[in-house]
Amino acid sequence: MSDHQLIELIERYLNGEMSADERDRFEAMRRDNAAIESRIEEHAHFTGLLKQYGKRVELESRLNAIHQEIDVHTLADELTVHPNWVVKLWRNHHSKISVAASIALFAAVATMYLTGSFTKNPSSYVALRREMQSIKRTAENAERNNKAILHDIKSSKRVINNGSFAGSGFALTASGYIVTNYHVIKNADSVYVQNSAGDAYRTKVIYTEPAYDIAVLKIDDASFTRFGNLPYSFRRSKSDVGEDLYTAGFPTDSLVLGRGYLSSANGLNGDTVAYQVSLPVNPGNSGGPVLDSKGNIIGVISGKQSQVEGAAYAIKSKYLFRVAKEITKDSTNNKIVLNSKSSLNGLTQAQQVNKIHDYIFMVKVYN
Amino acid sequence: MSKAVNSSAPTDSEVIFGILNDSDAILKRLYVAYFPMVLQLIINNNGTTDDAKDVYQEAIIVLYNKVKSGKFELSSKLKTFLYSVCRKLWLKRLTQISRYGGDIKDFEEYLPVEDEGDLHTERDIQFEKMDGALKLLGEPCKTIIEDFYIHNHSMQDICERFGYTNADNAKTQKYKCLQRLKKLFFQQG
C-alpha cells in the first residue's frame, strides 16, 4: 500500500466516510501496526492545525472588517491626553531650550570669570606669619641659641628660646617702639624681638589696631637704652604705582631683602588700607617695612594672595601716622613723632640695607 | 480622566454566549464597545493607532480562544480582563522595542495577568509557520489545500473548479500538495 493510499484511507477514516465493515478492518490494522497509528495521529494533528489556522484567519478578517467601520482617527484625537502648554512647549522645544540655557549659563560664568568675580575669594589671602615647627629649623635654632647664650653671657642680655610664631617688625621711633602686624602678635603671651645682630629684647604690646592689621610693641628690657637715630623716614603722602620698592624681613632666620615695585594703589578686592606690591614675600615677612628707593617707609607687609604670583599687600604708611597719633593721644608719657628725614637718600641699595638692618627685627611670639 | 465607554456594550454573559455561538453581531458590539478604552491606553503610552489595533485584536483572540476552549472563568468584569490583557501585551511590546520608560499611564483598573499571553504566543508561532508554509506553497496547491482542509469543500467541487478530468487526478494532486506543505511547515521550525 502506497503512502498516498494510506493517507486517503486515514482521511476517509477521520472524516467518517468509511462503511462499518471497512472501519472495523482499518481499526484492526491501526491496533496491530504502530507505524499506522502514529501516521494517523500525525495527520490528525496537522490537519487540525490547518483548520485552527483557517479559523484564526477567518476571525482576524472578521475583526478587521469590524475595525474598518470605526473612525479611529477621530477617536484617537478625542482620547489623547493633552498635556498643558508648558509641558507641550518643553516637549516640542526642549532641545532648543536646553541649548539656550547652556549658552546663558556659559555666558554668565564667562562674564563672572572675566570680571574677576571668582578672584574675590577672601580665603586666597594669606597672612605671612611663620610657624616655628620644622625640625631642621629647630636644630638651626638650637645652634643659634648656643651662640645667643655665648653672646648673652658677654653682654648680659636675656636668653630667649624659639617662639611659636615669627614675623618681622621695625623700629617706629628711636625710643624703642616697634611696628609689626596685629596678626603676628595676636593671642601672644609674650613677644620678643631680635635683630640680625642677635640683640634680643623683651617687648610689651602697647597698641593694636586689628582693622589696619597693625600692632605697636615697646621694648621693655633693662638692657635697652635707645636706638640710634632712625636712618629712614615715614612717608605721609601717597606713593605712586610703578615706584621701585624693597622690603627686608625674616622669612628665614636671617634678614632677607626683596625688591620690586608698587603694582596697585589698592589692596585685595579694592581694600584702601593697603597697596598691592610686587615683592617676593613669604611667611615670616609679615610686619616688615616696605621702603622706596629714597629710604622712605611707605608701608608694612601684611599678606599675599595665594593663587596669584607676585601679589603681596602692604599697609599704607599713612596708617602708621594715625596709629602714632592714637598712641600719643591716649597716654601722657608716650609721645611718638615719626621721623621725617631720611638719611638714606642717594645711597646704594647695599648701603641702605646696611644702615637699616639693625632696626629690623624678627618678632617672636610665645603662646 | 477616561472617556465614558460606549453605552451599548453587550453584557458579559452575552459576550460569552455570543462567542460560543459564533455570533457576528455580538463580536462586533464587543469590539466596538471596548476599542476606545484600549486605543486610549496605547496612544497615551507611546503607541500608534495601528499598535492599538494589533494589541486589541490579539486580546480579543485570547478571550475568544479561552471562551471556546471552555477555560474562561469570569472572575472579573470582561472590560477589566480585556484591559489587563492589552496592558500586559503592550508592556511586553514596549519592552521589546525599548520604548518602555518604566511607568505606564493607566486609565482603568487592571488585574495581574499570569500566562494568557504566553499560551497565546505558543499557538501564534504555529500559525505563523503555517502562514509562511502556505505562502511558499504557491498555486494551485494553496487553494486546493485551503478549500479541502479549511473550508471543507468536497473533492468533487475541487475537481470541477480546477478542471481535473477525474477525481483520482485531483486526489493525487491534493496528496502531493499536502506532502509539500508538511515539508515546508517542518522546514521552518
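## A walk through chains A and B

In chain B, 67% of the contacts between residues at least 6 apart in sequence join residues at least 24 apart, where contact means heavy atoms within 4.5 Å. The model you are looking at is predicted, so local features need pLDDT of at least 70 and side-chain atom pairs count only at pLDDT 80 or more, while totals for chains, interfaces and linings use all residues. Residues are numbered from 1 along each chain as its sequence is written, chains are lettered from A and ligands numbered from 1 in the order in which they are written, and side-chain values use heavy atoms, with hydrogens and water left out.

Let's stay with chain B for a moment. Its secondary structure comes to eight helices and zero strands, and from the N terminus on the elements read α-α-α-α-α-α-α-α. Here helices (H or I, at least four residues) and strands (E, at least two) are DSSP runs, numbered from the N terminus. Of the 189 residues of chain B, 46% are buried; buried means under 20% relative accessible area, exposed over 50%, and partly exposed in between, using a 1.4 Å probe and protein chains only. Chain B exposes about 9,700 Å², with carbon and sulfur atoms supplying 49% of that area. Accessible areas come from the Shrake-Rupley method with a 1.4 Å probe, and for residues only the protein chains shown count as cover.

Chain A has nine helices and 15 strands. Buried residues make up 42% of its 367 residues. Among contacts in chain A between residues at least 6 apart in sequence, 66% join residues at least 24 apart.

Now for the place where the chains meet. The size of an interface is often given as the accessible area lost when the parts come together. Between chain B and chain A, the buried area is about 3,900 Å², and carbon and sulfur atoms give 68% of it; this is the accessible area (1.4 Å probe) that two parts lose on being put together, summed over both. On the chain B side, B:Phe127, B:Tyr149 and B:Tyr175 lose the most area to chain A, together 16% of what that side buries. The contact draws 45 residues from chain B and 34 residues from chain A.

One helix pair is worth a visit here. Two packed helices are described by the angle between their axes and the distance between the axes. Helix H3 (residues 34–68) of chain A and helix H6 (residues 141–150) of chain B have axes that come within 9 Å and cross at roughly 95°, which makes H3(A) roughly perpendicular to H6(B). Axes are lines fitted to C-alpha atoms, for helices over the stretch in contact, and angles run from 0 to 180 degrees between N-to-C directions; those under 35 degrees count as roughly parallel, over 145 as roughly antiparallel, 65 to 115 as roughly perpendicular and the rest as oblique. H3(A) contributes A:His43, A:Thr47, A:Leu50, A:Lys51, A:Tyr53 and A:Gly54 to the contact, and H6(B) contributes B:Ile145, B:Tyr149 and B:Ile150. By class, five of these residues are nonpolar, three polar and one charged. Ala, Val, Leu, Ile, Met, Phe, Trp, Tyr, Cys and Pro count as nonpolar, Asp, Glu, Lys and Arg as charged, and the others, Gly among them, as polar.

Next come some backbone details. Most residues other than glycine have a negative phi, and most peptide bonds are trans. In chain B, the peptide bond from B:Glu139 to B:Pro140 is cis, with omega near 0°, and B:Pro140 sits in the loop between helix H5 (116–137) and H6. In chain A, A:Asn187 has a positive phi of about 60° although it is not a glycine. A:Asn187 belongs to the loop between helix H7 (182–185) and strand E5 (190–195), and is exposed, with a relative accessible area of 61%. A:Asp213 also has a positive phi, near 60°, and is found in the loop between strand E6 (200–209) and strand E7 (214–219). A:Asp213 counts as buried because its relative accessibility is 13%.

A:Asp213 leads us to A:Thr180, whose contacts beyond four places in sequence include A:Asp213, A:Ile214 and A:Val363. A:Thr180 is found in strand E4 (residues 177–180) and is buried at 0% relative accessibility. Its C-alpha lies 7.7 Å from that of A:Gly167, 13 residues apart along the chain. Finally, A:Phe165 of strand E3 (residues 165–171) is buried at 15% relative accessibility. A:Phe165 and A:Tyr366 are 201 residues apart in sequence, with their C-alpha atoms 7.0 Å apart in space.
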